[in-house]
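User: I would like to learn how to read a fold from its model. Can we go through it feature by feature?

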Amino acid sequence: MVAFETDQPQNLLVVRYVGSVRPDETERGAREVPAALSKLQSGFRLLADLTDLQSMDVACAPHIEQVMDLCNEKGVSMVVRVIPDPTRDIGMQIMSLFHYGGHVQIVTCETLSEAQEILRSDTR
């Protein structure tokens with residue numbers, strides 16, 4: 001499952017990857033992102049939570065890259081990822097190099113509470 005939510009007061013987009021994620025789920029998510037981004041202002045932050053991810057099909061990558069491009073175009077300023085197990089990094093670090101501008105701060109955390117603390121202390 002892939003779930004997107006917006007927190008307008010915090011100017012935050014949250015994406016959660018849960019269980020075994022399939023390409024049709026990431027494709028659907030990529031179609032939902034423009035509506036979610038329309039609720040946010042340039043300079044928004046993105047929280048990508050992989051806490052409950054078990055596996056992801058490699059065919060999901062193009063859809064994730066599309067979401068990264070959309071976020072970059074909208075003006076994402078910070079990406080905070082929760083990756084509790086480094087083996088669950090599904091290539092996001094490498095994809096980020098190609099799909100986010102150099103101005104985007106990227107932080108990887110092991111726990112959701114660590115990510116939330118980083119987002120709370122961010123003064124953007």
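User: In what sense do strand 1 and strand 2 pair, and over how many bridges?

Analyst: They pair in the antiparallel sense, over six bridges. This is a predicted model, so every value here is computed from it.

User: What is the strand order of the open sheet?

Analyst: The order is 1-2-4-6-7, with mixed pairing across the five strands. Strand 1 and strand 7 are the edges, each pairing on one side only. Neighbouring strands are turned by 15 degrees against each other on average, direction ignored.

User: Which helices pack on the sheet, and which strands do they touch?

Analyst: Helix 1 packs on the sheet and touches strand 1 and strand 2. Its direction makes about 10 degrees with that of strand 1. Helix 4 also packs on the sheet, touching strand 2, strand 4, strand 6 and strand 7. The direction of helix 4 makes about 165 degrees with that of strand 6.

User: How do I read the side chains of a strand?

Analyst: In a regular strand, side chains alternate between the two faces of the sheet. Now take strand 6. Met78, Val80 and Val82 point one way, while Val79 and Arg81 point the other way.

User: Are the residues of strand 6 buried or exposed?

Analyst: Five of its five residues are buried, and the strand is mostly covered. Arg81 is among the buried residues.

User: How does strand 6 pair with strand 4 and strand 7?

Analyst: Strand 4 and strand 6 pair in the parallel sense over five bridges. Leu46 has Val79 of strand 6 as its bridge partner. Strand 6 and strand 7 also pair in the parallel sense, over five bridges. There, Val82 stands opposite Cys109 in strand 7.

User: How do I read a nonpolar core?

Analyst: In soluble globular proteins, nonpolar side chains tend to be buried together. Here the largest nonpolar core has 29 residues. Leu13, Tyr17, Leu46, Ile64, Cys71, Val76 and Tyr100 touch the most other members. Elements that each supply at least two residues of this core include strand 1, strand 2, helix 1, helix 2 and helix 3. A second, separate core has 10 residues, including Val14, Leu47, Val82 and Leu119.

User: What does Tyr17 touch, leaving out residues up to four places away in sequence?

Analyst: Tyr17 touches Met1, Val2, Asp49, Leu50, Asp52, Leu53, Met56, Ile64 and Met92.

User: How do I find the buried side of a helix?

Analyst: Use the helical repeat. An α-helix has 3.6 residues a turn, so residues three or four places apart point the same way. In helix 3, Met92, Met95, Ser96 and His99 are buried. These four lie on the same side of helix 3, because they cover an arc of only 110 degrees around the axis. On the other side, Ile94, Leu97 and Phe98 are exposed.

User: What covers the buried residues of helix 3?

Analyst: The cover includes strand 2, helix 2, strand 6 and strand 7.

User: How many salt bridges does a search of the whole structure find?

Analyst: Seven. Take Arg28 and Glu32 as a case: their side chains meet at 2.8 Å, N to O. The two residues are four apart in helix 1, so about one helical turn separates them. Arg28 is partly exposed at 30% relative accessibility, and Glu32 is partly exposed at 35%.

User: Is Glu25 buried or exposed?

Analyst: Glu25 is buried, with a relative accessible area of 12%. Its side chain meets that of Arg22 in a salt bridge of 3.7 Å, N to O. Arg22 is partly exposed at 43%.

User: Which residues are linked in a network of salt bridges?

Analyst: Glu5, Arg16 and Asp49.

Methods. Residues are numbered from 1 along each chain as its sequence is written. This is a predicted model: local features need pLDDT of at least 70, side-chain atom pairs count only at pLDDT 80 or more; totals for chains, interfaces and linings use all residues. Side-chain values use heavy atoms; hydrogens and water are left out. A salt bridge is a side-chain nitrogen of Lys or Arg within 4 Å of a carboxyl oxygen of Asp or Glu. Buried means under 20% relative accessible area, exposed over 50%, partly exposed in between (1.4 Å probe, protein chains only). A nonpolar core is a set of buried Ala, Val, Leu, Ile, Met, Phe, Trp, Tyr and Cys residues joined through side-chain atoms within 4.5 Å. Contact means heavy atoms within 4.5 Å. The arc is that of the directions from the helix axis to the C-beta atoms. Two strands pair if DSSP finds at least two bridges between them. Axes are lines fitted to C-alpha atoms, for helices over the stretch in contact, and angles run from 0 to 180 degrees between N-to-C directions.
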